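Here are my notes for a colleague who is new to this model. Please read them with the structure open.

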Amino acid sequence: MDASVLLSMSGGLGLFLFGMKLMSEGIEKAAGAKLRGILEFFTTNRFTGMLVGIVFTAVIQSSSACTVMVVSFVNSGLMNLYQAAGVILGANIGTTVTSQLVSFNLSEIAPVFLLGGVIAVMFVKNNMIKKIGEIVLGFGVLFMGLSGMSGAMAGLRGDPAIVHLFASLTSPFLAVLLGTVVTTVIQSSSVTVSIVLLMANQGLLELPVCMYIILGCNIGACASATLASLAGKKDAKRAAMIHLLFNVVGTIIFYLIFLVAVDPIVGIFNGISGGNPGRCVANAHTIIKILQVILLFPFSGLLVKMTYIFVPGDDKKVGDRDSFQLKYIGDKVVFNPATAVVEVIKEIERMAGLASENLNRAMNALITLDEEDIEEVYAVEKNINFLNHAITNYLVKINQTTLPIEDLKSIGALFHVVNDIERIGDHAENVADSARQRKEKGTSFSKDAQSEMGEMLDMVNKIVRYSIEMFATSNEEHMGEIMELEDAIDEKERKLQQLHVERLTKNECTPEAGMLFSDIVSGLERVSDHATNIAFAILHSDSDDTDEKKTVKA
């Protein structure tokens, strides 16, 4: 083989891979958050999940990206295995869109896309247009790479040694193995099928051999999701196993069918492709995938159950109160840029629940003087501080990755939310300090003071609950109530401080008790302020207008 041909092949393949990556990442950055929302919303059952998987993978041009995202969703508890099964089956059909595009040979217009993409990326300031430019640029680079590979392969036809080498590939098993190994290395079945398509066009590979290589590509395509799941929980591994089992079983079925009647089947594929070898490979890839899904979709529940055989047992549960452990993010969790912010929000929601629970525990200890409750408040506060540092560090880390544009806008707000929750935890610790001080000095509260603090705590609990829900779900249903509660709590604090002064002047309470009471109601009012900040953080993440938002430093 001439060295120049090998270099042309290598250069073309490099451009093709880079174009695929650029296009896929551009789509994820430009529309990743919206696509993720669709994936979350429309996967309530396996059939709709399958349809979403088809569309999602066809759009981002990567079944690997889709399945890795699904594995990440399952790992975070946002999707169960039965929902994941539908999406994964659909992704297997959606991935054939790339080979269909390649088979139409758009290389002649690739320079137009290349120029358009470069202009958008280099000279346009709008961030969204830049990302769209990356998609267009990736499309152009991809087809320029195809053009380079196609030209190099045309030169291979004149090399007798190369022709003989490919002609000797007649073993179906070796063809399947070749497809598996090459796709595992490249981590993209679309790329492998595209290369096979070009080789078929140049007459270097016989069509029956191409069919077996395609089957091998199906198995090799599972590598990305399998690798991504290794650091994840048991269900993440099972989601990746669904992908692997589907492709292995589907490959075995069609391998046996091809052994019996590969020539007539190739004749049918070739007939519907107008005798074009490249179109024949692309259509075969699509039809095989569709037939596999039709055959195995009724048994997707069985595939899920089979994963429990290959991945037995349960994870060690990380409860909300487990100390110094992350549940949804971290080194032991599948990382995917498109789902990273969703997982952070889940972890922050968990942290907020801990802080809210700790505040109530501290307020209870203030009245009962239960030493175990006081000690528990301090222990949980250490856990909240750990989560504060761990989540903040994780936010710094993911802010340096290729997150979707909408997610990037929310990163700053998430830093503030973590800080506000940590402050709520600090107020719970302050209440515990007051409880211990009261216990040591024998200070007592009047019945009126206890009742008033209870009333204010109920209001604060309500605004914290509404705020966490609004933050976690972006549901503005309680926005008006949060604003009203915030004003009502401010007024309540002023009123209680006034009543406290009146009790002091009437000698109805001691100065020590009065100071504790004043500190407690002031602290509860600040908790309310922090809760309001949490509720409106995401809404104000990309806006300079903070008139409606009350920022608290205490």
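1. Start with Lys 439. Lys 439 is partly exposed, because its relative accessibility is 38%. The cut-offs are these: buried means under 20% relative accessible area, exposed means over 50%, and partly exposed lies in between (1.4 Å probe, protein chains only). Lys 439 meets the side chain of Glu 371 in a salt bridge, at 3.1 Å from N to O. A salt bridge here is a side-chain nitrogen of Lys or Arg within 4 Å of a carboxyl oxygen of Asp or Glu. Helices (H or I, at least four residues) and strands (E, at least two) are DSSP runs, numbered from the N terminus.

2. A word on the basis. This is a predicted model, in which local features need pLDDT of at least 70 and side-chain atom pairs count only at pLDDT 80 or more, while totals for chains, interfaces and linings use all residues. Residues are numbered from 1 along each chain as its sequence is written, and side-chain values use heavy atoms, with hydrogens and water left out.

3. Next, look within helix 16. Arg 361 and Glu 357 form a salt bridge there, with the closest N and O atoms 2.6 Å apart. Both residues lie in helix 16, four residues apart, or about one turn of the helix. Glu 357 is partly exposed, with a relative accessible area of 33%.

4. Asp 426 and Arg 423 form a salt bridge, and their closest N and O atoms are 3.9 Å apart. The two residues are about one helical turn apart, because three residues separate their positions in helix 18. Arg 423 is partly exposed, at 28% relative accessibility.

5. Now the overall fold. The chain has 21 helices and zero strands. Of its 554 residues, 52% count as buried. Among contacts (heavy atoms within 4.5 Å) between residues at least 6 apart in sequence, 80% join residues at least 24 apart. The chain exposes about 24,100 Å², and carbon and sulfur atoms supply 61% of that area. Accessible areas come from the Shrake-Rupley method with a 1.4 Å probe; for residues, only the protein chains shown count as cover.

6. Then the cores. A nonpolar core is a set of buried Ala, Val, Leu, Ile, Met, Phe, Trp, Tyr and Cys residues joined through side-chain atoms within 4.5 Å. The largest has 66 residues, and Val 344, Ile 348, Ile 391, Ile 398 and Leu 414 touch the most other members. Helices 16 (337-368), 17 (371-398), 18 (405-441), 19 (447-473), 20 (479-505) and 21 (511-537) each give two or more residues to this core. Helix 16 gives the most, with 14 residues. A second, separate core has 45 residues, including Ile 135, Phe 143, Leu 146 and Val 266.

7. Aromatic pairs deserve a look. How many does the structure hold? There are four. Phe 47 and Phe 297 make an edge-to-face pair, because their ring centres are 6.4 Å apart and their planes stand at 80°. Rings of Phe, Tyr and Trp (its six-membered ring) pair if their centres lie within 6.5 Å; planes under 30 degrees apart count as stacked, over 60 as edge-to-face and the rest as tilted. Phe 47 lies in helix 2 (residues 46-60) and Phe 297 in the loop between helix 14 (277-296) and helix 15 (300-310), so the pair ties together parts 250 residues apart in sequence. Phe 47 is partly exposed, at 47% relative accessible area. Phe 297 is partly exposed too, at 22%.

8. Tyr 212 and Phe 258 are also edge-to-face, because their ring centres are 5.9 Å apart and their planes are at 85°. Tyr 212 lies in helix 11 (residues 207-220) and Phe 258 in helix 13 (residues 234-272), so the pair ties together parts 46 residues apart in sequence. Both residues are buried. Tyr 212 and Phe 258 form one aromatic cluster with Phe 254 and Tyr 255.
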